[in-house]
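Please look over the sequence and the model before reading on.

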Amino acid sequence: MITDRARRLLGFYCALACAFSVLPVIGIVAESFTATDYIVFPPTGPSLKWYWAILDRREFIESAGVSVIVACGASLAATALGTLAAIALVRYRFFGRRPLQSLFLAPMSLPGLILGLALLQFFADYSLPRDTRAMMIGHMIITMPFAIRFVMVALMGVNPNIEQAARSLGANGWTTFRLVTLPLIRPGIVASLVFTFILSFDDVAVSLFLSSPTATTLPVRIYTYIDQNYDPLVTAVSACVVYVAFTALLVIERKIGVGRLFGLSEVTRQTK
Amino acid sequence: MATVELIDVRKSFGTVEAVAGVSLRIAQGEFVAILGPSGCGKTTTLNLLAGFIEPTSGEILIDSKPMAGTPPHRRNIGVVFQSYALFPHLSVFDNVAFGLRMRKVASAEIATRVRQALDIVQLGTLEERSIRQLSGGQQQRVALARALVIEPALLLLDEPLSNLDANLREQMRFEIREIQRRVGITTVFVTHDQSEAMAAADRLVIMNKGIIAQAGTVREIYTAPRDPFVASFIGQANVIPGKAVEVNGSQVRIELPGGDIVVASRLPGVPNDGSVVMILRPEDLTLSNEPVPGHNALAGTVKRVSFLGSTVNIGVQVADQMISVVAHRDQAVPEEGRPVYVVWKKAAEKLFPKP
């Protein structure tokens, strides 16, 4: 039994942990309203001039677009392929299953820089252009282990008898997947889509190697900008990303409820 | 409503032979229970019939059509699993309707047939409920309705009552039998519970170590078991080792470990000398203060008296073995520690060669 005092302490500790994670972001957002020409905290002003300044730097808006497109592509591809892999690894027994699982999950244990370099070499060796598609492939590789993991966990929570029951009732493989398996692993798939999107959007290491003048993701753009400049433009750009993410979360919470999206059932929510 | 035939079916998983040559013929509308200890191959046999796995060798025919290469969704079967395996994201109605939707039955007809099926299992009022709100027994019935509504050629039940409490199990075993009789579907029921199998089935198939030990009606198997395994698996049995010492026409004298000599009926296949196993059913034995003429008798001491409601189970120590005797609750029972004779009519014993 948790005592009231312990409960309060736990709550306080949780609040502290959340604050620790969120404060840097709040700091950046605050800095974006500064009127100075350099990054300072606390900001002076407030002023919107750095937000207007983004419009003069089209490359940030382009990079944001590249990031979104790459993240969407990588997320969808990683989740789709990851789901297939998860089904094979969980539902089937075949020679070499364990080693294959390790192979699929291997990118997780490699530093991003190493992977980035390797991918760069690979594309160069085969004379493949470093464009958005190359970036998508690179991001798909680094995010797929997470996709596989999420879907595997969801799949393992589904009694295999249920799929057998569907088949015995006349559903072939595809129909069983569509009407029975998929709805039941949906939380895992959604988690995979969201997580891989975030991972891809945030990625710096691999993107650094695969970026080219035609295809530069937003993190790389920000990173290279800071190298040379000290003005608060990047804080405004980052703040915009935060606003978009925040709005998306708000919309999801209103429409479906973030908890339910990730599989938290009605019962659990009501006992809160 | 189909016939089922297994012809020398074998299934190996790597080096383990789970099913080692099973041949069986099931008539239309028959209710067959496959019974056996864990690991005997009964569930594997069921999975082979359903098509979830393919045999390593041998043939399976449903309605005289070979099933090799036919996947489960084309076999026209209904399966009830031990875990019920209901679709948690669908309502009771949608669960039961699933098979019909797969068969592209018209909506109006689906509604009628689903309601009928739910009525048969006495769940008529729970159509719109979600699965999570049902009790074990109710889920069990939904699973049964779901399998029956499609009117399959073959109904397969894999230990469907194992997850229910004792009272519900007893009730459900008769209900399933009732429903099966009414609908007339050929049924294969797998269980490890002998009273369940005996209560529900037309015929029993006892499996052990991947093969059929014996198949027959309940009465046949009970009164004429083919080997000590079957004799002890069905009903209760006292297993007494002994040595055949002398043959006298149709009778053979058996020497028991304690030195007692009994006279048993000679059976074909049992050696005239050498080790034998004698099986005595507790209800064939009575207790007496003196040996009874015309009966075999063993001297012993009463060690345990257990009142079981309708019967009394008495444990009698004979030589170094405990023999169980079952008496009606109204019969006079000697107290513990009393010397007594265990008596049985000639030919009530079953003699087998030592396995």
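In chain A, A:V25, A:I28, A:V29 and A:E31 of α1(A) meet A:T235, A:S238, A:A239 and A:V242 of α11(A). Contact here means that the C-beta atoms of two residues, placed from the backbone, lie within 7 Å. By class, this contact has five nonpolar, two polar and one charged residues. Ala, Val, Leu, Ile, Met, Phe, Trp, Tyr, Cys and Pro count as nonpolar, Asp, Glu, Lys and Arg as charged, and the others, Gly among them, as polar.

The model is predicted: local features need pLDDT of at least 70, side-chain atom pairs count only at pLDDT 80 or more, and totals for chains, interfaces and linings use all residues. Residues are numbered from 1 along each chain as its sequence is written, while chains are lettered from A and ligands numbered from 1 in the order in which they are written.

**Helix packing**

Two packed helices are described by the angle between their axes and the distance between the axes. Helix α1 (residues 4-31) and helix α11 (residues 233-255) of chain A have axes that come within 8 Å and cross at roughly 125°. The axes are lines fitted to C-alpha atoms over the stretch in contact, with angles from 0 to 180 degrees between N-to-C directions. α1(A) and α11(A) are therefore oblique to each other. Oblique covers what is left after under 35 degrees (roughly parallel), over 145 (roughly antiparallel) and 65 to 115 (roughly perpendicular).

**Chain A overall**

Chain A has 13 helices and zero strands. Helices are DSSP runs (H or I, at least four residues), strands are E runs of at least two, and both are numbered from the N terminus. The C-alpha trace of chain A spans about 70 × 65 × 30 Å along its principal axes. Of the 272 residues in chain A, 30% are buried, that is, with 20 or more other C-beta atoms within 10 Å of their own. Residues 24 or more positions apart account for 74% of the chain A contacts with a separation of 6 or more.

**Chain and domain contacts**

Chain B is divided into domain 1 (4-231) and domain 2 (236-353). These bounds come from an automatic or database domain assignment. The centres of the two domains, taken over C-alpha atoms, are 39 Å apart.

Key
A residue is buried if 20 or more other C-beta atoms lie within 10 Å of its own, exposed if 12 or fewer, and partly exposed in between; C-beta atoms are placed from the backbone.
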